[in-house]
Amino acid sequence: MIYGIVYCVTMIRITNTIEYDETRRIIKVRKEKLTMEDTIALAFSRILEKENVRYAIVAGYVSLLFGRSRRSDDVDFIIENISLGKFASLCEKLFKAGFKFLHSNEKTLETVRMAYHSLEKGDRIRFTFGEYPIPNVEMKFATTRLDKISIEESMMIHVNEDVLRISPLELQIAYKLYLGSEKDVEDARFLYKLFKNILDGEKLSKWCRLLDVNLKCLES
Amino acid sequence: MVQITGCEPEMSRELIEELERERRRNFIDRLKHVDWEVEQILKDHRKWFEIQAEWSKKYYEALYRQMDKKITGNGLKFKLSGQRNTMKPYTGKWTKIQN
């Protein structure tokens, strides 16, 4: 006798290119043309996925991915703390795929070691893709509790055939409100209005309470 | 012509109030623009993505053209990513070599 698990998949259509798989909490996006930020984010996450490095994309790119009409100089990746050996292997794959350190043209073990020490200290490092420095990838190790939660509870986004993982939308909205600049509040409002039907209200309220922010400016 | 007269602390308070009102109004306008964006996206996201990709392409093409101009404009041949400086060391005969 064969036993199997039957998933009841509930798909919610958000727009004519975005669907939400409620059961597995996956957002599926179909994009016929990619932006520069998409290209670099997908190329980077493809390697992280292959290398089994856990990560989450946070900040501006999360709203850009879904169509917010502004540019960003970088795509912010938070990755789990990995060993120097694993980081060196990751860098090797990144270099092969066309990424370079922004602040050094060298691809030696010494430069990789220096980059690793920066990450260990809590600093961020940047990778460029191709010939120009913008947009680039800004990467840091998960240092704060929110960084770790962003990775642990990350949402999977299917962009065409690729996979991206982003920090949970509820946390992103509350965090953007906490940052409080006009640009951040606009991003929060964009995500809130677009995904209103699929956001977990309880989680959103919890994050707003914890970060001491008010949802009022998103609803008015 | 606008005259700024009166006692200074009072004047300063009024000017700041005016600026704050203006900033507030500008911010509300921007939030309304975000609402408009979401409205358009909900109508036809496919088209919106297409326009966004086209706009992104043009933006970066213009930016890179400008970067190339700035980078090569001072006579040094740089590539901005990393610290690659492809300028040959000065030997005193550089003009001749170039020719």
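A crossing of two helices is called left-handed if the near helix is turned anticlockwise from the far one by less than a right angle. Keep that in mind for the first view. Everything shown here comes from a predicted model.

**Figure 1. Helices α6(A) and α7(A) pass each other in a left-handed crossing.** Start with α6(A), which covers residues 169–179 of chain A. Its axis and that of α7(A) come within 8 Å and cross at roughly 155 degrees. Angles over 145 degrees count as roughly antiparallel, so that is the label for α6(A) and α7(A). On the α6(A) side, look for L169(A), Q172(A), I173(A), K176(A), L177(A) and L179(A). They meet D184(A), V185(A), D187(A), A188(A), L191(A) and Y192(A) from α7(A). Sorted by class, the residues of this contact come out as eight nonpolar, one polar and three charged.

**Figure 2. Helices α3(A) and α4(A) make a right-handed crossing.** Here α3 (residues 84–96) packs with α4 (residues 109–121), both in chain A. Their axes are 10 Å apart, and the angle is about 120 degrees. What do we call that arrangement of α3(A) and α4(A)? The angle makes α3(A) oblique to α4(A), because roughly perpendicular stops at 115 degrees and roughly antiparallel takes angles over 145. At the meeting point, α3(A) brings L84(A), F87(A), A88(A) and C91(A). From α4(A) come L109(A), V112(A), R113(A) and Y116(A). By class, this contact has seven nonpolar residues, no polar ones and one charged one.

**Figure 3. A close look at F77(A) and the largest nonpolar core.** This core has 63 residues. Which of them touch the most other members? They are I57(A), Y61(A), F77(A) and F127(A). Zoom in on F77(A) and, leaving aside neighbours within four places in sequence, you'll find F44(A), Y55(A), I57(A), V137(A) and M139(A) in contact with it. Here's some background: in soluble globular proteins, nonpolar side chains tend to be buried together.

**Figure 4. E37(A) is a buried residue in helix α1 of chain A.** The helix runs over residues 36–50. Why does E37(A) count as buried? It has 21 C-beta neighbours inside 10 Å, and the cut-off for buried is 20 or more. Not counting residues up to four places away in sequence, E37(A) touches Y61(A), L64(A), S72(A), V75(A) and P135(A). Now find R71(A): it is 34 residues from E37(A) in sequence, yet the two C-alpha atoms are 8.3 Å apart in space.

**Figure 5. The peptide bond from I134(A) to P135(A) is cis.** Its omega is near -5 degrees. P135(A) sits in the loop between β7 (125–129) and β8 (136–141) of chain A.

**Figure 6. N52(A) and D212(A) have positive phi values.** N52(A) has a phi of about 55 degrees although it is not a glycine. Is N52(A) buried or exposed? With 10 other C-beta atoms within 10 Å, N52(A) is exposed. For D212(A), also a residue other than glycine, phi is near 55 degrees. Look for D212(A) in the loop between α8 and α9 (216–219) of chain A. D212(A) is exposed too, with 9 other C-beta atoms within 10 Å.

**Figure 7. S205(A) is a partly exposed residue in helix α8 of chain A.** This helix spans residues 201–210. Around S205(A), 13 other C-beta atoms lie within 10 Å, so it is partly exposed. A residue with 12 or fewer would be exposed. From S205(A) to E186(A) is 19 residues in sequence and 19 Å in space, C-alpha to C-alpha.

**Figure 8. Chain A meets chain B.** At this meeting place, 30 residues of chain A are in contact with 29 residues of chain B. On the chain A side, β6 (99–101) and α7 (182–194) each supply at least two residues. Which element gives the largest share of that side? It is α7(A), with six residues. By class, the chain A side has ten nonpolar, nine polar and eleven charged residues. As for chain B, it has three helices and zero strands. Buried residues make up 10% of its 99 residues.

Key. Residues numbered from 1 in each chain as written. Chains lettered and ligands numbered in written order. Predicted model: local features only at pLDDT ≥ 70, side-chain atom pairs only at ≥ 80, totals over all residues. Helix = DSSP H or I, 4+ residues; strand = E, 2+ residues; numbered from the N terminus. Contact = placed C-beta atoms within 7 Å. Core = buried A, V, L, I, M, F, W, Y, C linked by C-beta atoms within 7 Å. Nonpolar A, V, L, I, M, F, W, Y, C, P; charged D, E, K, R; others polar. Axes fitted to C-alpha atoms, helices over the stretch in contact; angles between N-to-C directions. Parallel < 35°, antiparallel > 145°, perpendicular 65-115°, else oblique.
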